[in-house]
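My entries follow the order in which I looked things up.

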Amino acid sequence: MESIIVLGGAGYIGSQACKTLLAAGIQPVTYDNLSLGHESFVKYGPLVKGDLLDTALLSDTIRRYNASCVMHFAALASVADSVTDPASYYRNNVTGTLSVLEAMRATDCRSLVFSSTCAIYGQPEIVPIDETCAKNPINSYGRSKLICEHMMNDYSAAYGIRSIALRYFNAVGADFDGEIGEFRDNETHIIPRALMYLLGYIDEFIIHGSDFPTPDGTAIRDYIHVKDLAEAHISAARLLADGHAGGAYNLGQGTGYSVLEVLSAIERITGRKMPAVTGGRRQGDPAILVAQPALARSVLGFAPHYSSLEDIIGSAWAWHQKAHPQKSLPLTPARVI
Ligand SMILES: NC(=O)c1ccc[n+]([C@@H]2O[C@H](COP(=O)([O-])OP(=O)(O)OC[C@H]3O[C@@H](n4cnc5c(N)ncnc54)[C@H](O)[C@@H]3O)[C@@H](O)[C@H]2O)c1
């Protein structure tokens, strides 16, 4: 069976990629330091416990499993933390990715699929955002990923390591079989945070910013189901195997929802009131991030299947209820939407 090394395979998106790879007849090998991921999510193939910075262990793992490709999900990914602690972001994401490229250079593996992000565009001048838009990240997280893309292009030109950067917008939803989902100790993403709040695991839910230049004043994002992202990784790996030179593609739906629209969908789908407190904007948060996914559609055949908020929130709610049985009812906050 062909093998692919999945860096960060114990995390939210990486574990979904592992499940999708196995279903496609490819053996995923998770390489993860378990700093943020969950060992219990590694269900679809072996786990090698290791850090991105351990170049020797990385290249040994690639050789040991005779891997045809590396999928690189492992990163720190909180915009807010990257503003207060940029050193960790540059060390883990930039030096870590340099280590991955060096490990690949020491082996015969020449295909890399990389988790990039819409954060590389910063405050976009044009929405929807296509791949040619200016890249002016406004936080260290986005800058760390943009530097990685530059490194990957240079390694392609100089050493023939071809790579595809998939610039996700907001990954959401959970496995439809309820096996894996989105859960972090310090959760910052809107949907899991809201659902954990409804289940009594988080004390308050804050809307970060109600004065954005958007119709209802809250930030607008493009939400893309994790299962659709996982499928796109398989398409990217296949393209590289067929000799594709590499490139970068936006993965989003091309439709945006405001925070208030998402919260009201959560109320509709869970059948519960979603009390929320309005707070200030988070540093480094742009007003609107919506993808123009036409290039991904034409080159990768990217066609999201699970595009409705019902699919997205419904799958996440089903998984959270199973993984986190109701603890207590949410506290009543200052402002109820
Ligand atoms: N979640 C989103 O909405 C989103 C959006 C855009 C881009 N991305 C990118 O997608 C990727 C995956 O995101 P996620 O939401 O699944 O994150 P996650 O935190 O759930 O998973 C990341 C995994 O990488 C591992 N990891 C981190 N640093 C490591 C290191 N130095 N060595 C080994 N393992 C390490 C963690 O333990 C974890 O299992 C990240 O690169 C992130 O930047 C995510």
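**Entry 1: a helix pair**

I looked up the crossing of helix 6 and helix 8 and found it right-handed (a crossing is right-handed if the near helix is turned clockwise from the far one by less than a right angle, and left-handed if anticlockwise). Helices (H or I, at least four residues) and strands (E, at least two) are DSSP runs, numbered from the N terminus. The model is predicted: local features need pLDDT of at least 70, side-chain atom pairs count only at pLDDT 80 or more, and totals for chains, interfaces and linings use all residues. Residues are numbered from 1 along each chain as its sequence is written, and side-chain values use heavy atoms, with hydrogens and water left out.

The axes of helix 6 and helix 8 come within 11 Å and cross at roughly 45 degrees (axes are lines fitted to C-alpha atoms, for helices over the stretch in contact, and angles run from 0 to 180 degrees between N-to-C directions). Helix 6 is therefore oblique to helix 8 (angles under 35 degrees count as roughly parallel, over 145 as roughly antiparallel, 65 to 115 as roughly perpendicular and the rest as oblique). I noted that I190, I191, A194, L195 and L198 of helix 6 meet V259, V262, L263, I266 and T270 of helix 8 (contact means heavy atoms within 4.5 Å).

**Entry 2: helix 10**

I next listed the buried residues of helix 10, which are L309, I312, I313, S315, A316, W317, W319 and H320 (buried means under 20% relative accessible area, exposed over 50%, partly exposed in between, with a 1.4 Å probe and protein chains only). These buried residues pack against several elements, including helix 6 (190-198) and helix 8 (259-270).

I then traced an open sheet of seven strands, in the order 3-2-1-4-5-6-11 and with parallel pairing (two strands pair if DSSP finds at least two bridges between them). Its edge strands are strand 3 (47-49) and strand 11 (247-251), each pairing on one side only.

Which residues of strand 4 are buried on its two sides? C69 and M71 are buried on one side, V70 and H72 on the other. H72 is the bridge partner of L7, and F114 in strand 5 is the bridge partner of H72.

**Entry 3: helices on the sheet**

Helix 4 (residues 86-105) lies across strands 1, 4 and 5, running at about 170 degrees to strand 5. Helix 5 (residues 140-159) lies across strands 5, 6 and 11, at about 155 degrees to strand 5.
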